[in-house]
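We go stop by stop.

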Amino acid sequence: MASVVSAAMPRSQVDLVDFVDWSGVECLNQSTSHSLDNALKQGYRDDDGLHLESDADEQLLIYIPFTQVIKLHSVIIKGPEEEGPKTVKLFANKEHMGFSNANDYVPSDSIALSPENLKGTPVNLKYVKFQSVRSLTIFIEDNQGGNDISKIQKIVLCGTTVDTTNMKDLKKIEEH
Amino acid sequence: MVLEATMICIDNSEWMRNGDYSPTRFQAQADAVNLICGAKTQSNPENTVGVLTMAGKGVRVLVTPTSDLGKILACMHGLEIGGEMNLTAGIQVAQLALKHRQNKKQQQRIIVFAGSPIKYDKKTLEAIGRKLKKNSVSLDIVDFGESDDGKPEKLEALLAAVNNNDSSHIVHVPPGPNALSDVLISTPVFTGDGDGGSGFAAAAAAAAAGGLSGFDFGVDPNIDPELALALRVSMEEERARQEAAAKKAAEDAAKQEKGGEQASSSHDATMAEPNSSSVPAVDDKRHNLTDDEAALLEQALAMSMDDPKSTNVAVADTDMSEATADDHELALALQMSVQDNAKDSPTQSEMSKVLEDQSFVSSILNSLPGVDPNDPSVKDLLASLQGQSESQQKQNEDKQEMRRISK
């Protein structure tokens with residue numbers, strides 16, 4: 001590859017993959033052999049052979065809850081030129097959305113990805129709308145080439161935490 | 001035990017008056033619905049089931065998904081037959097009802113009873129199927145009643161569009177003497193995917209299958225579980241006793257032959273015991289007494305009536321035989337030392353008589369793990385056994401005869 005665009009994360013932002021609550025992650029209309037883990041999980045997402053693919057049509061609805069409240073600054077979405085996503089709508093703190101009501105709500109942010117973005121350039125979001133995010137819903141409406149299947153190789157969420165208590169880390173105080 | 005919310009779509013159109021399923025198509029359908037509701041709620045107490053009718057004045061939801069079985073059964077009363085079935089609207093309403101289920105963690109499933117002819121074309125059905133798949137809703141189709149040309153194909157096309165990872169199923173039920181519910185019990189509609197389904201479904205299946213065909217002692221475990229259990233336990237105890245005796249005989253034979261091999265055959269016997277105790281089909285085990293075991297059993301019985309000298313030797317040798325499980329040279333040495341001690345033992349002749357039987361010995365060797373019959377040391381041993389047994393055979397044959405007659 002000639003020039004790999006390095007995804008330089010903005011200052012003081014962290015990769016939020018560590019704060020994803022994997023037990024609640026859902027993806028509607030994903031193909032069983034190419035599931036969301038391929039695009040989201042550490043290790044899988046860097047493997048170019050693995051990608052997330054849609055099944056019945058080109059739309060995808062991804063629901064990602066977090067273990068603590070976060071602020072979302074930017075996202076990086078990598079995908080192939082033709083089948084990579086084009087219109088992506090993000091919803092903060094909306095649980096259990098379906099395709100039927102995906103267009104009923106106003107998205108917290110709506111981005112149109114360019115081929116540049118698909119190579120790995122981060123897309124800055126409306127930071128003010130994502131100040132205390134417990135869960136994120138990503139709705140991929142269509143893809144670059146208008147194909148029947150959308151493919152995504154990598155999804156990276158960049159932001160900061162709001163230092164809420166992670167209940168799992170709470171330990172009992174020792175009796176002395 | 002999948003956590004599931006199910007919507008059952010009932011066909012209450014005019015076609016359900018027909019009597020080709022007893023007593024009427026509608027009644028057979030209602031029975032099937034009752035059974036399905038019971039099975040679903042039993043397999044997981046948090047499962048919910050809802051019912052809607054597709055024909056009549058229009059699609060009407062009788063009860064939204066609930067785990068209260070009484071409510072579901074109550075709403076099945078007083079249903080009227082009439083009108084035409086609206087499959088697409090029925091499925092869409094079912095999907096909507098599932099979308100608004102209270103527990104969002106439940107998987108969504110729709111069960112459709114398609115009894116009347118389908119007036120929609122394949123394309124429409126496929127579009128609906130894709131929409132269901134997109135929203136991860138599984139669909140079970142019960143194709144019964146009218147079978148005009150194209151209906152099975154249309155329904156198969158619908159299934160193909162919905163099916164994701166074999167979670168959706170279709171069942172074609174032709175008219176006949178069997179009740180609709182009986183046919184359904186054995187299908188994945190009842191038993192669920194993979195995990196084998198609930199005990200309810202299995203028990204219902206057993207009762208429906210009827211008669212003594214599946215049962216071990218002519219006792220239906222469902223009608224009289226305690227009796228069936230008692231019979232099974234006593235059978236297993238008897239077999240365990242016999243196997244212990246056989247095992248003892250096998251261990252005695254070991255002191256003549258390689259100690260290791262017999263230890264593993266006794267291990268086989270002990271392993272067979274827990275295996276067999278877990279298998280409910282005890283009848284089959286009865287007939288599994290092979291010739292080998294029969295021969296060993298005879299020896300055991302003969303030996304138990306023998307003088308105590310042989311049994312002492314046997315006890316002493318049991319420990320050693322286990323120790324030499326994997327060491328052929330050590331087994332050889334052990335055997336030779338044992339042979340010196342027990343030369344005059346009458347049991348030896350019986351053992352050797354058995355061991356002479358080349359086919360028996362090689363069949364034992366073949367069945368034992370870790371023993372290669374082509375191993376030179378094994379072959380040497382067999383040869384030496386043959387030579388030794390022949391010399392003693394004549395002497396001891398008469399002794400045996402006399403002993404057997406006197407018992």
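Select B:Ile141 and B:Ile170. B:Ile141 stands opposite B:Ile170, which belongs to β6(B). Helices (H or I, at least four residues) and strands (E, at least two) are DSSP runs numbered from the N terminus. Now widen the selection to β5, residues 137–143 of chain B: this strand and β6(B) pair in the parallel sense over 4 bridges. Two strands pair if DSSP finds at least two bridges between them.

A word on the ground rules. This is a predicted model, in which local features need pLDDT of at least 70 and side-chain atom pairs count only at pLDDT 80 or more, while totals for chains, interfaces and linings use all residues. Residues are numbered from 1 along each chain as its sequence is written, chains are lettered from A and ligands numbered from 1 in the order in which they are written, and side-chain values use heavy atoms, leaving out hydrogens and water.

**The sheet of chain B**

Show the strands. In chain B, 6 strands form an open sheet with mixed pairing, in the order β3-β2-β1-β4-β5-β6. Its edges are β3 (60–66) and β6 (169–172) of chain B, each pairing on one side only. Ignoring direction, neighbouring strands of this sheet are turned by 10° against each other on average. Axes are lines fitted to C-alpha atoms, for helices over the stretch in contact, and angles run from 0 to 180 degrees between N-to-C directions.

Next, pick β1(B) and β2(B). The two run parallel and are joined by 6 bridges. Click B:Ile8: its bridge partner in β2(B) is B:Val51.

Stay on β2(B). Is this strand enclosed or open? Of its 6 residues, 6 are buried, so β2(B) is largely enclosed by the rest of the structure. Buried means under 20% relative accessible area, exposed over 50%, and partly exposed in between (1.4 Å probe, protein chains only).

Select α1, residues 25–43 of chain B. This helix lies across β1 (4–10), β2 (48–53) and β4 (107–114) of chain B, and runs at about 175° to β1(B). Contact means heavy atoms within 4.5 Å.

Two packed helices are described by the angle between their axes and the distance between the axes. Here the angle is about 5° and the axes are 11 Å apart. α3(B) and α4(B) are therefore roughly parallel to each other. The cut-offs: angles under 35 degrees count as roughly parallel, over 145 as roughly antiparallel, 65 to 115 as roughly perpendicular and the rest as oblique.

Show the side chains at this contact. From α3(B) come B:Leu87, B:Thr88, B:Ile91 and B:Gln95. They meet B:Thr124, B:Leu125, B:Ile128, B:Lys131 and B:Leu132 of α4(B). By class, the contact has 5 nonpolar, 3 polar and 1 charged residues. Ala, Val, Leu, Ile, Met, Phe, Trp, Tyr, Cys and Pro count as nonpolar, Asp, Glu, Lys and Arg as charged, and the others, Gly among them, as polar.

**A loop with positive phi**

Most residues other than glycine have a negative phi. Go to the loop between α5 (151–162) and β6 of chain B, where B:Asn165 sits. Phi of B:Asn165 is near 65°, a positive value. At 62% relative accessibility, B:Asn165 counts as exposed. B:Asp166 lies in the loop between α5 and β6 of chain B. B:Asp166 has a positive phi of about 60° although it is not a glycine. B:Asp166 is exposed too, with a relative accessible area of 57%.

**Across to chain A**

Select A:Ile76 in strand β4, residues 60–78 of chain A. A:Ile76 counts as buried, at 4% relative accessibility.

Zoom out. Chain A has 2 helices and 10 strands, running β-β-α-β-β-β-β-α-β-β-β-β from the N terminus. Of its 176 residues, 46% are buried. Chain B has 17 helices and 6 strands, and 44% of its 407 residues are buried.
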